[in-house]
Amino acid sequence: MMTLSKENFEIKREPDVILYRNRAKELAAKIGMSLVGQTKLITAASELVRNMLRYADGGTGTIEVIVKNNIKGIRLTFADKGPGIKDLKLAMQDGFSTGRSLGLGLPGAKRLSNEFDIKSEPGKGTTVTIIRWKNGL
């Protein structure tokens, strides 16, 4: 896998979410991702970036254009230094929430992504990485 471009964003307040989402959408459209693919990517990004604001008071979002086997994609990384997640298995279950929400953010973002990775350590923070390929593979 090769990275064609990489941009970092500080996510500290609600308007940063809009900037991040818009840039991810621009790059997804630029590589020729379908409108359905763009919508899935942006919906997942919205959930994950808002999680950073809600549970960790913000963090860093990265947007990368990547290529693997001549297929382009968008890789989004959300990294925070918040409280971390004590039980990742439980956090990935539909309906589980510590913040009075529907508990669909993390599992929903996983379903909307082609690839999903989460690492978290209590007291040190959480990093979530998703990839959406141009062709949806």
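Tutor: A salt bridge is a side-chain nitrogen of Lys or Arg within 4 Å of a carboxyl oxygen of Asp or Glu. The model discussed here is predicted.

Student: What makes the contact between Arg 23 and Glu 26 a salt bridge?

Tutor: The N to O distance for Arg 23 and Glu 26 is 2.8 Å. The cut-off is within 4 Å, so the pair counts as a salt bridge.

Student: Where do Arg 23 and Glu 26 lie?

Tutor: Both residues are in helix H1, 3 residues apart, about one turn of the helix.

Student: Why is Glu 26 called partly exposed?

Tutor: Its relative accessible area is 46%. Buried means under 20% and exposed means over 50%, so Glu 26, at 46%, is partly exposed. Arg 23, at 26% relative accessibility, also counts as partly exposed.

Student: What makes Glu 7 and Arg 23 a salt bridge?

Tutor: The closest N and O atoms of Glu 7 and Arg 23 are 2.7 Å apart. That value is within 4 Å, so the pair meets the definition.

Student: Which residues are linked with Arg 23 in a network of salt bridges?

Tutor: Glu 7, Arg 23 and Glu 26 are linked in such a network.

Student: How do you know that Glu 121 and Lys 124 form a salt bridge?

Tutor: Their side chains meet at 3.7 Å, N to O. The limit is 4 Å, so this pair is a salt bridge. The structure holds 6 salt bridges.

Student: Why is Lys 124 called exposed, and what is Glu 121 called?

Tutor: Lys 124 has 56% relative accessibility, and exposed means over 50%, so Lys 124 is exposed. Glu 121 has a relative accessible area of 43%, and is therefore partly exposed.

Student: Why is Ala 91 called buried?

Tutor: The relative accessible area of Ala 91 is 9%. Buried means under 20%, so Ala 91 is buried. Ala 91 is found in helix H3 (residues 88-91).

How values were computed. Residues numbered from 1 in each chain as written. Predicted model: local features only at pLDDT ≥ 70, side-chain atom pairs only at ≥ 80, totals over all residues. Heavy atoms only, no water. Buried < 20%, exposed > 50% of the residue type's maximum accessible area, 1.4 Å probe, protein only. Helix = DSSP H or I, 4+ residues; strand = E, 2+ residues; numbered from the N terminus.
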